[in-house]
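Dear colleague,

I am passing on the structure we spoke about, with the sequence alongside. Please have it open while you read the notes that follow.

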Amino acid sequence: MSALAVEDLHVWFDLPGGRELHAVQGIDLALEPGERLGLVGESGCGKTTAILAMMGLLPPSASVAGRVLLGGEDILAGGDRTMRPHRWTDIAMVFQGAMNAFDPVKTVGSQITEPLERAGIASGRAARARTAELLELVGISGERQDRYPHEFSGGMRQRAAIAMALACEPKVLLADEPTTALDVMVQAQILELLVRLTDELGLAMILVTHDLPLVSQACTRAAVMYAGRIAETGTTRELHHAPLHPYTRMLFQATPDLRGTGAVSSIPGAPPRLDEPTVGCPFSPRCDRAFAPCAATRPPLRTAGTGHLAHCHLEGGA
Amino acid sequence: MSETLLEIEDLVVRYRQGRKGVVQAVDGVSLSVAAGEMVALVGESGCGKTTTAQAAMRMAPIASGRIRYRGADITALGSGALRPIRRELQLIFQDPYESLDPRFRVRDTVLEPLQIHGIADDREGRVRRALERAGLTPPELYLDRYPHELSGGQRQRVSIAAALALEPTMLLADEPVSMLDVSVRAGILGLLDGLRADGLGVLMITHDLSTAAHYADRICVMYLGRIVEEGPAAEVIGDPRHPYTKALLSVVPRPDPDDAGAPEILRGETPNPADVPTGCRFHPRCPVAQDRCRTDDPALAPAGAAGHRAACPYA
């Protein structure tokens, strides 16, 4: 059974004047235990909104529909009532910028111990011991739990934020841009840590990022989001070597490769507004292979082998 | 041989920290940028790359060393004498969301440097030409818009247009695309590359080695206030000589999942310029350090092909 399955997930935000913004427009995802899935796309494509919906952490102005299955149980069905028992204990999240979200006047350790005590997992000396254990797990000496956030480097604070998310031994970890704003060497250290944690703990992870090379190196599969939908999903090898959707190919073409000699080209235009309904393929105004049906009708689902899917009018690849 | 525009020679920049601490942000950096050349200054945060560029603009306190612009020493020029130099040497900032005044229309943003420098003739024409050169065509489409009406890429083009309004000979670009979406980065970098091809000199500060590899003519790798390796971009990327450059290159994520390489992940933290190790400043993290590295402070020396230098006796 999948560790996490998301089916037809939708998110709408209420806008002033009775309008709605359809931020997530029906996405499907499934993760096996220990699997790492990359969720990639440009800013505003709905990737962060989607994982916040899986955690039940969207503001009241949002409405959510669809199913979020954890070990077969739909935790979205009963709203907060069904979500709360699982949040942090079965599914946890590392927020974007988490390393800068520590309270500067409390020790790092106390900020991990507190939620442990509040959740009734451990208290007193046992909670301190568990905090030390969690810090060790992410490569920080347990003795440093009495230090303050400013005594930690950015990379250490990011490790501590990951430790905090792992406090209740979740089975699924959602990591939102966990290496953005970190130096390349520290980024490599954090990625190595996330890979080790998923391998050792059997943790399923969704890595949310705008950085395709990061996903290529850290994940086995990826979903490319565009305008609230998944444009293409498959193994990272399939996406790189044989993309079905031009958006996937154009994202790779926009990414300079260290030893690559090919031209790097930007994607013209900008993503569509999500507060008005789109007709046809939302990517068609920017697509270099758009033809007559693209602007008029919703693209059909294309498949190339198990698990490699794309919504595109093109037949035979991008 | 193209004219050398900017020359930085043995630059040292120190900052006071706390009551008695001194941070040696830049410690003996020399580099030059010629007309029609793009030089990338790469390194981790705190390595001194931004301070080096600021000192070149005379925006950081220079403890020692020389800055020359088109052969003229500008190290000690007063603010009046610096003005015409500043007109030729323009800075492009990292964050187009912060560097543009939200109350200014595009026209006013591009006009402002002309007003500051007291250029009165043909202002409208200058503004239009700058917008066109920055790829905002036709200019009429953009002149009356506010920053919030523009995408991130368009905003960065407006700030580049504001720099171009003064018809500079050289641009210093500090992480010009790191705040932008991947989909538009190539457009901005292509624009800078086109300006370079038109004969401008470009000093680009970046932490992204893939970008440097793709666009720069030469690359200087900085570590803790020093340039530890420099040379033609293809040489530094294809045949790195300094162990630090080798490690940095090895951890750059590659777009091809089959091309994982062999990441050599250095332990420890991004080094602190307030606490520079003795000898070779890289030795505590260096995978090939020997005893002498604790005491000997290596200078840049020829390594590999012509123009390629590294500060390591084992290069």
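A residue is called buried here if 20 or more other C-beta atoms lie within 10 Å of its own, the C-beta atoms being placed from the backbone. Please bear in mind throughout that this is a predicted model.

With that cut-off in hand, I would start with strand β8 of chain A, residues 204-209, which is mostly covered, six of its six residues being buried. In a regular strand the side chains alternate between the two faces of the sheet. In β8(A), A:Ala204, A:Ile206 and A:Val208 point one way, whereas A:Met205, A:Leu207 and A:Thr209 point the other way, and all of these are buried. Strand β3 of chain A (residues 36-40) pairs with β8(A) in the parallel sense over five bridges, and within β8(A) it is A:Val208 that stands opposite A:Leu39. Strand β7 of chain A (residues 172-176) also runs parallel to β8(A) and is joined to it by five bridges, with A:Leu174 having A:Ile206 as its bridge partner.

Turning to chain B, there is an open sheet of four strands in the order β2-β1-β4-β5, with antiparallel pairing. Its edge strands are β2 (21-34) and β5 (72-73), each of which pairs on one side only. Strands β1 (residues 4-17) and β4 (residues 64-69) of chain B are paired in the antiparallel sense over five bridges, and B:Val12 has B:Ser64 in β4(B) as its bridge partner. Helix α1 of chain B (residues 49-56) lies across β1, β2 and β4 of that chain and runs at about 115 degrees to β1(B).

Further along chain B, helix α5 (residues 152-164) and helix α6 (residues 182-197) pack at an angle of about 15 degrees, their axes being 9 Å apart. Because angles under 35 degrees count as roughly parallel, α5(B) is roughly parallel to α6(B). Their crossing is right-handed. On the α5(B) side the contact includes B:Gln156, B:Arg157 and B:Ile160, and on the α6(B) side it includes B:Val184, B:Ile188 and B:Leu191. The residues of this contact divide into four nonpolar, four polar and one charged.

Finally, as to how the chains meet, 33 residues of chain B are in contact with 33 residues of chain A. The elements of chain B that give two or more residues to this side are α6, α7 (209-215) and α9 (243-250), and the largest share, six residues, comes from α6(B). By class, the side of chain B that touches chain A has 17 nonpolar, nine polar and seven charged residues.

With best regards

Notes:
Residues numbered from 1 in each chain as written. Chains lettered and ligands numbered in written order. Predicted model: local features only at pLDDT ≥ 70, side-chain atom pairs only at ≥ 80, totals over all residues. Axes fitted to C-alpha atoms, helices over the stretch in contact; angles between N-to-C directions. Parallel < 35°, antiparallel > 145°, perpendicular 65-115°, else oblique. Left-handed = near helix turned anticlockwise from the far one by under 90°. Contact = placed C-beta atoms within 7 Å. Nonpolar A, V, L, I, M, F, W, Y, C, P; charged D, E, K, R; others polar. Pairing = 2+ DSSP bridges. Buried ≥ 20, exposed ≤ 12 C-beta atoms within 10 Å, placed from the backbone.
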